[in-house]
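Please read them with the coordinates open.

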Amino acid sequence: MPKFNKLIIALFLVAINIIEAWACTSAIIGADLNPYGRPLLWKNRDTSNIDNKIEYVPAKDGNYSYVALFNANDSLLNEAWMGMNEYGFAVMNTASYNLKDDNVPEKDMDKEGIVMTRALQICKTVNDFANLLDTLPRPLGVEANFGVIDAYGKGAFFETNNHSYIRRNLEDEKDHIMIRTNYSHYGRPDEGYGFIREKNAEKLLAPYMEKKGVTPEVLTECVSRSFYHDLLKKDFAVSGDNWVIDQDFIPRYKSTATIVIEGVKPLEPKEEIDPDKITSEYIMWTGLGYPPCSEVMGVFCSEDGVNEDLKGDKITGRSKQGDIVKGRRDEVFPFKMGNGDKYIDITRLFNDEGTGYVQLLVPKNLETYQKIRQLRDGK
């Protein structure tokens with residue numbers, strides 16, 4: 001094979017790996033679509049940083065306290081990839097691939113986690129986040145869809161590049177729901193990634209939207225564990241196949257978490273935000289690791305609000321729960337040679353005996369939801 005052709009193939013494979021490294025599926029759901037009257041912020045995280053952790057960061061030097069998802073090797077907690085603070089501001093992102101319109105070098109990009117950390121430190125509202133983006137020095141070092149909600153029930157996506165952003169408010173959307181994957185709706189047409197994953201999410205959420213029954217468990221237990229493929233109009237969880245190619249499903253080999261932040265019933269416009277109310281009612285429902293194999297735990301924005309199994313080890317930075325789920329994922333992708341990480345043994349997740357990981361974990365997770373919700377709501 002000519003050297004030039006080899007170079008082209010190598011560059012193509014590198015591009016594919018970059019796309020896989022920074023891909024997510026996300027949604028903002030209005031309070032009126034949730035039976036508990038609370039807005040939701042959801043992210044199914046895909047990243048090559050396979051080891052993740054959840055940490056609480058106390059208030060310091062005028063910054064607010066917050067809890068967030070971090071990469072395991074982020075010992076200084078510089079880059080939050082989804083989180084919420086004591087005033088009810090919550091933020092997440094998905095990488096976009098149709099917004100960048102400059103020649104800012106790659107070494108100066110990928111600063112989304114830094115931006116979100118700063119937002120958690122100083123923002124109370126969606127408007128505060130807009131002000132932050134307006135005042136940060138250019139270039140921002142980002143190409144992303146930032147999703148945010150606040151205690152007033154407001155939500156918005158900010159489709160953001162190095163120099164500008166387009167804001168879309170949740171209240172302006174017909175159905176009060178917004179879904180984003182790895183392209184921006186107001187970026188360059190037909191560029192980017194995640195078109196099928198977005199359609200998958202729309203299809204899976206539609207029946208719950210009709211009944212105004214979109215709950216956190218619908219997102220973590222249904223959408224993030226689904227192997228429905230909208231282009232093929234096929235659900236591979238019940239297809240009868242043993243081996244399934246890992247392509248364009250919402251959960252992917254590089255999925256490292258499914259997280260839903262469930263807010264409070266929206267405050268009145270002039271009502272003061274009470275941090276005590278926020279820290280007792282905001283819940284960051286967290287399934288750490290490959291979502292089909294994850295156990296969901298409730299996380300609160302307080303010193304004792306993070307389960308020890310979600311926190312990073314003092315030496316390795318890895319979480320106990322992350323390591324457990326990573327081991328389960330290796331059983332789901334048991335073929336180790338060549339492109340082995342592209343082949344799912346679907347019987348490890350769903351089987352006739354009812355012993356697949358999805359079949360065993362979903363009932364357990366639903367019990368967790370019920371218990372924590374009873375404690376929060378007192379009923």
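The points below take up confidence, then a set of paired strands, then a helix.

1. This is a predicted model, in which local features need pLDDT of at least 70 and side-chain atom pairs count only at pLDDT 80 or more, while totals for chains, interfaces and linings use all residues. Residues are numbered from 1 along each chain as its sequence is written, and side-chain values use heavy atoms, with hydrogens and water left out.

2. The average pLDDT of the chain (the predictor's confidence in each residue, from 0 to 100) is 94, and 94% of the residues score at least 70.

3. Over residues 1-20 pLDDT stays under 50, and the model has ten contacts (heavy atoms within 4.5 Å) beyond four places in sequence for them. Where pLDDT is low, the predicted coordinates should not be read in detail.

4. Strand 14 (residues 255-262) is largely enclosed by the rest of the structure, because eight of its eight residues are buried (under 20% relative accessible area, 1.4 Å probe, protein chains only). Strand 14 pairs (at least two DSSP bridges) with strand 15 (residues 283-288) in the antiparallel sense over six bridges, Glu 262 standing opposite Ile 283. Strand 2 (residues 40-47) runs antiparallel to strand 14, joined by seven bridges, and here Trp 42 faces Val 260.

5. Helix 2 (residues 112-122) is mostly covered, with eight of its eleven residues buried, including Val 115, Met 116 and Leu 120. Its buried residues are covered by elements including strand 4, strand 5, strand 6, helix 3 and strand 7.

Note on methods. Buried < 20%, exposed > 50% of the residue type's maximum accessible area, 1.4 Å probe, protein only. Helix = DSSP H or I, 4+ residues; strand = E, 2+ residues; numbered from the N terminus.
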